[in-house]
Structures are given as C-alpha cells and as structure tokens.
Amino acid sequence: MGAMACRVLAMAVLAVAVMGQAKAPAGLAKARQAYNAGQLDAAITAAQDVLKAPALAPAQVSEAAVVLSRAYLDRYRLRSTPADLEGARQALERVSASALPPASRVEFLIAQGLFLYSDGCSDGC
C-alpha cells in the first residue's frame, strides 16, 4: 500500500470515528455545571430536560441519568424527602453502564453506593 493510500485510509477511519461520537447536548453540560455548583434543583431540571430530548444516544441517556441520580441523592441527603430517593432509583434504572465513558462509570458507581446506603438507612444510621 502506498503512502497516499495509507493517508486516505487513515483519514477515512478518523472521519468515521468522529462521526460515530455523538455530541453531548448542551443541557447535559448545564446539568453537570449546576450539580457541581451545588444547585441541585437546577441540575435536576436540566438533566430531566435532556432526558426528554428525542433521539438521544444510549451514552447521553446514561450520562444524564447519572447526573440526575447524583443530584437527587444529594438533595435527599439534605432534605430526607422520600421522593428524592425514589427519583434517584428511577434515574439509576435508566443507566446502561456499558454505554458510559470511564469517568461517568465512576460517578455511576458512586451513585449506586450512595443509593444502596441511603435506601437501607431509613432508621437514621
């Protein structure tokens, strides 16, 4: 194979790889920023808005659900409202761990652990 053919093949592979990566919705970045700033209500609203969007890739659904679950769990920790714990459970059910990028998998594992602790800790442990 000549040098030109190798370059063309490399460019084609790169183009397919870039096209295969779905761009994260702006709302997902907004949800993450709100969560990181401790604005839990805004993070929940933004993540819910992302999940309402049509034609999301499985990774986008999963990432938004992870942010949503973490925000619900943090709000549950602050307010002890059972609806927040239920919201976290429902969000975690939407996550496909295999679709998540590595950093989001860590966040997912943290959310699972927090949920299991909180759910089994109804007597104030």
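Is the crossing of H3 and H4 left-handed or right-handed? In this predicted model, the crossing of these two helices is left-handed.

**View 1. Helices H3 and H4 pack against each other at an angle of about 155°.** The axes of H3 and H4 lie 9 Å apart. Angles over 145 degrees count as roughly antiparallel, and H3 and H4 are therefore roughly antiparallel to each other. Residues that H3 brings to the contact include Leu40, Ile44, Ala47 and Leu51. Among those that meet them from H4 are Val61, Leu68, Tyr72 and Leu78.

**View 2. Helix H2 (26-36) has a buried side and an exposed side.** Leu28, Ala31, Ala34 and Tyr35 are the buried residues of H2. Seen down the helix axis, they fall within an arc of 130°, so they line one face of H2. Their packing partners are helix H3 (40-52) and helix H4. Ala26, Lys30, Gln33 and Asn36 are exposed, on the face of H2 turned away from the buried side. After H2 comes Gly38, which has a positive phi, near 80°.

**View 3. Helix H6 runs over residues 102-119.** At 1.5 Å a residue, the 18 residues of H6 should span 26 Å, and the C-alpha atoms at its ends are 26 Å apart, which agrees. The buried residues of H6 are Ser104, Phe108, Ala111, Phe115 and Ser118. Around the axis they cover an arc of only 100°, which puts them on the same side of H6. The cover over these buried residues includes helix H2, helix H4 (58-79) and helix H5 (82-93). Pro102, Ala103, Leu109 and Leu116 are exposed on the other side of H6.

**View 4. Ala59 is shown in helix H4.** With a relative accessibility of 23%, Ala59 counts as partly exposed, because buried means under 20% and exposed over 50%. Leaving aside residues up to four places away in sequence, Ala59 touches Ala99 and Leu100. Val95 is 36 residues from Ala59 along the chain, and the C-alpha atoms of the two are separated by 8.5 Å.

Terms used
Residues are numbered from 1 along each chain as its sequence is written. This is a predicted model: local features need pLDDT of at least 70, side-chain atom pairs count only at pLDDT 80 or more; totals for chains, interfaces and linings use all residues. Side-chain values use heavy atoms; hydrogens and water are left out. Helices (H or I, at least four residues) and strands (E, at least two) are DSSP runs, numbered from the N terminus. The expected span of a helix is 1.5 Å times one less than its number of residues. Buried means under 20% relative accessible area, exposed over 50%, partly exposed in between (1.4 Å probe, protein chains only). The arc is that of the directions from the helix axis to the C-beta atoms. Contact means heavy atoms within 4.5 Å. Axes are lines fitted to C-alpha atoms, for helices over the stretch in contact, and angles run from 0 to 180 degrees between N-to-C directions. Angles under 35 degrees count as roughly parallel, over 145 as roughly antiparallel, 65 to 115 as roughly perpendicular and the rest as oblique. A crossing is left-handed if the near helix is turned anticlockwise from the far one by less than a right angle, and right-handed if clockwise.
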